[in-house]
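Colleague: Before I rely on the labels used for this model, please set each one against its cut-off for me.

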Amino acid sequence: MAFQSNKFRAASEMNKAGMRYRALMAKHPFLTFGLPFMAVIVAGSFVLTPATAVRYERQDRKVRQMTREEELGIRRGARKVDMRDEYNRLAGTKDLENWEQKRVKRLPGENDGIL
């Protein structure tokens, strides 16, 4: 006697919606799963498109192109910058050009590094 390949299901289980859907899916997989899945993806893109547009518009308001007059007005009020001074200020070297070499006094009995 051979075993059945299908699992036995009672008649009461066959009336449930999940069982009917599973049977339909075995017969028509694209119509019962593929088409609804693609419809959800397309509908989601239509719903999210306005939200994305609002996001980009908000970002465009933050970064806008300046007119030529605004750009010239900013340049006139700017302070004059010496690149060497700025470099020294940022590097933390205050008086790099006006330095002198000084000998550090040693404590009594301390080696001065000369052999």
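**Labels and their cut-offs**

Colleague: Why is F37 called partly exposed?
Modeller: The relative accessible area of F37 is 48%, and because buried means under 20%, exposed over 50% and partly exposed in between (1.4 Å probe, protein chains only), F37 counts as partly exposed. This is a predicted model, in which local features need pLDDT of at least 70 and side-chain atom pairs count only at pLDDT 80 or more, while totals for chains, interfaces and linings use all residues. Residues are numbered from 1 along each chain as its sequence is written, and side-chain values use heavy atoms, with hydrogens and water left out.

Colleague: What makes F33 and F37 an aromatic pair, and why is the pair called stacked?
Modeller: The count comes to one aromatic pair. In that pair, F33 and F37 have ring centres 5.9 Å apart and planes at 15°; because rings of Phe, Tyr and Trp (its six-membered ring) pair when their centres lie within 6.5 Å, and planes under 30 degrees apart count as stacked, over 60 as edge-to-face and the rest as tilted, the pair is stacked. As for their placement, F33 and F37 are four residues apart in helix 3 (residues 29-62), which means that about one helical turn separates them. F33, with 47% relative accessibility, is partly exposed.

Colleague: How do you know that helix 2 is roughly perpendicular to helix 3?
Modeller: The axes of helix 2 (residues 17-27) and helix 3, which are lines fitted to C-alpha atoms over the stretch in contact, with angles running from 0 to 180 degrees between N-to-C directions, come within 5 Å and cross at roughly 100°. Angles under 35 degrees count as roughly parallel, over 145 as roughly antiparallel, 65 to 115 as roughly perpendicular and the rest as oblique, so helix 2 is roughly perpendicular to helix 3. The contact (heavy atoms within 4.5 Å) involves Y21, L24, M25, A26 and K27 of helix 2, together with P29, T32 and F33 of helix 3.

Colleague: Why is T32 called buried?
Modeller: T32, which lies in helix 3, has 16% relative accessibility and therefore counts as buried. Leaving aside neighbours within four places in sequence, T32 is in contact with Y21, L24 and M25. Of the 115 residues of the chain, 4% count as buried.

Colleague: What places the charged end of R55 over the ring of Y56?
Modeller: That charged end is 5.8 Å from the centre of the Y56 ring, and a charge sits over a ring if NZ of Lys or CZ of Arg is within 6 Å of the ring centre and within 35 degrees of the ring normal, so R55 is counted as sitting over Y56.

Definitions and conventions. Helix = DSSP H or I, 4+ residues; strand = E, 2+ residues; numbered from the N terminus.
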